[in-house]
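Hello,

Here is the structure I promised to pass on. Please open it next to this email as you read.

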Amino acid sequence: MRTAQQLLADSAVIAVVGASRNPGKAAHRVPAEMQRYGWRIIPVNPTVDALLGEPAYPTLADIPHPVDLVNVFRPAADAVEVVREAVAIGAPAVWLQLGIVSAQARQIAEEAGIDYVEDRCLIVERAAAGLTRLS
């Protein structure tokens, strides 16, 4: 299993489940910052058509191209289904944001052989490693 920082270094396209249009929420600020540092962000939110200049999709299954990482901004109770969907689309990794922990979601990811991170923040890990995708 890759470390959190290895996942970020290896990923270019991040699907963000629960991405928010509200700039005051972490579910907006975190993907926006990752986008500023060069990652392509694919918002997954059934209530918006576009977010952060990208088309938004109602579910992971609706995304028409592969993603490198599924980032989750949903309650822990929803993480299980999100991980199942990530496995179904062939995502190689899932990342539950700070404060989100699910033993069942972890088990599903491990059984599927995909990388799994929980209770950590993308932007904190990006900053700690000094990572950028900008050339």
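Predicted model: local features only at pLDDT ≥ 70, side-chain atom pairs only at ≥ 80, totals over all residues.

Residues are numbered from 1 along each chain as its sequence is written, and side-chain values use heavy atoms, without hydrogens or water.

Cores first. A nonpolar core here is a set of buried Ala, Val, Leu, Ile, Met, Phe, Trp, Tyr and Cys residues joined through side-chain atoms within 4.5 Å. Buried means under 20% relative accessible area, exposed over 50%, partly exposed in between (1.4 Å probe, protein chains only). The largest core has 25 residues. Leu60, Ile63, Val70 and Val94 have the most contacts inside it. Its largest share, five residues, comes from α3. Helices (H or I, at least four residues) and strands (E, at least two) are DSSP runs, numbered from the N terminus. Another core, of 20 residues, lies apart from the largest one; Leu7, Met34, Trp39 and Leu122 are among its residues.

Now helix α5, residues 122-129. Its buried residues are Leu122, Glu125 and Arg126. Seen down the axis of α5, they fall within an arc of 100° (directions from the helix axis to the C-beta atoms), so they line one face of the helix. Gly130 follows α5, with a positive phi near 65°.

Last, Gly99. It sits in the loop between β6 and α4 (103-112). Gly99 is exposed, at 61% relative accessible area.

Best wishes
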